[in-house]
Number of protein chains: 2
Amino acid sequence: VRDPLNALQWEGDRLFILDQRKLPKSIVWIEARTAENVARAIETLAVRGAPAIGVAAAYGVALASLQQNATIPRIQKAIDRLRSTRPTAFNLFDALDKMEAVLELSHDDLSKRLIQAAIQYHQADREACMKMARAGLKLFGKDERILTYCHTGALATGGIGTALGVVKFAFAKSRVCEVYACETRPLGQGARLTVWECAQAGIPVTLICDNMIGALMSTRKIDRVLVGADRIARNGDTSNKIGTYTLAVLAARHKIPFHIVAPMTTIDYSLRSGKAIPIEERNADEITRITPGLREQKKIKIWNPAFDVTPAKLITSFVTETGIHTPPFAKLPVNPT
Amino acid sequence: VRDPLNALQWEGDRLFILDQRKLPKSIVWIEARTAENVARAIETLAVRGAPAIGVAAAYGVALASLQQNATIPRIQKAIDRLRSTRPTAFNLFDALDKMEAVLELSHDDLSKRLIQAAIQYHQADREACMKMARAGLKLFGKDERILTYCHTGALATGGIGTALGVVKFAFAKSRVCEVYACETRPLGQGARLTVWECAQAGIPVTLICDNMIGALMSTRKIDRVLVGADRIARNGDTSNKIGTYTLAVLAARHKIPFHIVAPMTTIDYSLRSGKAIPIEERNADEITRITPGLREQKKIKIWNPAFDVTPAKLITSFVTETGIHTPPFAKLPVNPT
């Protein structure tokens, strides 16, 4: 029996991907044997979460190199295909850039080197998660009540998670006593994944709809907000799941510390500010499908951006594997790798 | 064929109530012949919207007086039953207080007087809607883009609506060119009712999820926010559908005028501030039912408040049938009736 909290499992010549769309109702594994299998899993959100997408893509390149007809141009084509799956999460491009560098530098044992590079990328993400959990522990007092958003746990990464990894570690150390999770429309990553992963870890968890955050902050004690990131610009502006910006505005109004937890692979040093981060817009059906009769009304437009941008000034600190970074973020640490 | 935009239709000895839970998929009418029928329709949200609840309750008392075994104590019991249906919307209590006063003062023709009083209450609400629409017209420049929340149109009132009534009237006068509607989790009044009613009126309408409001305000031009109210305290603090407070905080941050549109029957002069407004909490199933496998997880708590409170300081102005009222709201006009 595979461990669902280890959602990306490499088995020498294939990648098993936990199908996150099926949770919490059932645990289903996708067996990916080609880069195209991985690309489809990313596009259809069977695997999601910025670090997990990066890890999956790295394995996708390794799979391309294992095909009988593998050539450098064909592997390059697989990289390009994987690069086109989703536009916002930077870890995807970080992983593919690193795999491409291996492809360019290797002259023999190409497949072996690419597999090794993918496994290393996965291992580095796993270690980054643990380092973030340890670094993040400094944030907390005792028995804090945490609000989180979307899903940033084990399923979203190669390790124990980003924001939710920090929270789970802090719970184990009695620094956190309770978690509030937001549903996260339209795909319900909070309702489907975060509450499930909290329950698995024995953390008391309360689910709210995204429009209840303001009411929660004004009527109950919330000590801290922790969320993940999909891409961080050089100045600290951060794109993350749609609704994060609203959450940050409310946290600022209620003077609740607001933290981003993300590995260094999420920082895009080529972007001066968040304005240049490409924001994916997804299909209207993701929104309409819960409302019988809605999609039949052809006169109604639907807007479905998957991410928004939170300005750096609303962010109290960043937790990365290199420690806790506080403003000004003009000098975010440079990726050592 | 009944007009669905006239959602409460009195026919001498029975009340036809449009079942709003079935929209936009189908148009179904409930035939209410007793106060209990009306009470159930209110409790189950077949009829919702603060002014509409008031009007329906008034007719419910009229129906109680029409029963073969009607006595003053039995009618009083029906009033008490109706009063217990939902706790937050003040119009319900306003309507029942007025019907109770008729009950107390009448010595003969009781049923006739109660029916007359209910019809008058309905008519007064219809007229208040038109007066609000005319008063509200002053708010707008030309071709404004409006963001609204939940549903505040014809279905929610005895007339053309509160906030959406103002918007529809302003659209007809070319002062509004486009509406953005928020889904309004968990019951989707925006996704089911507002976009439907806008499309019926020929207004270009775009639906977003509630967590996209911040992204909308930071990337597109929104000129004004108009919402309704369920109960307004003496100082202007306003309870309305859950998520309204979040919307008001975002509007303030983006310097977008934020208006409450509500008839005077929504003002509760007994309350000094919004802190004392009772907030209904509803069943967890309203939230969990879109997520397969969620309700089976017994360790997960759900919090489902139906309303939140927006402090007066976040409200640019109130539109009522007596005109537009701007801060300080310590002196909201006293209900003339």
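User: How many salt bridges does the rule find across the interface of chain B and chain A?

Analyst: A salt bridge is a side-chain nitrogen of Lys or Arg within 4 Å of a carboxyl oxygen of Asp or Glu. Across this interface the rule finds 4 salt bridges. One of them joins the side chains of Lys301(A) and Glu178(B), at 3.7 Å from N to O. This is a predicted model, where local features need pLDDT of at least 70, side-chain atom pairs count only at pLDDT 80 or more, and totals for chains, interfaces and linings use all residues. Residues are numbered from 1 along each chain as its sequence is written, chains are lettered from A and ligands numbered from 1 in the order in which they are written, and side-chain values use heavy atoms, with hydrogens and water left out.

User: What area do chain B and chain A bury between them?

Analyst: The size of an interface is often given as the accessible area lost when the parts come together. Here the two chains bury about 4,400 Å² (accessible area, 1.4 Å probe, lost on being put together, summed over both), and 65% of this lies on carbon and sulfur atoms. Asn211(B), Arg253(B) and Trp303(B) supply 17% of the area that chain B buries against chain A, more than any other three residues.

User: Which strand of chain A pairs with β12(B)?

Analyst: Strands are DSSP runs of E, at least two residues, numbered from the N terminus, and two of them pair if DSSP finds at least two bridges between them. Strand β6 (residues 205-208) of chain A pairs with β12(B) in the parallel sense over 3 bridges. Thr206(A) has Lys301(B) as its bridge partner in β12(B).

Definitions and conventions
Helix = DSSP H or I, 4+ residues; strand = E, 2+ residues; numbered from the N terminus.
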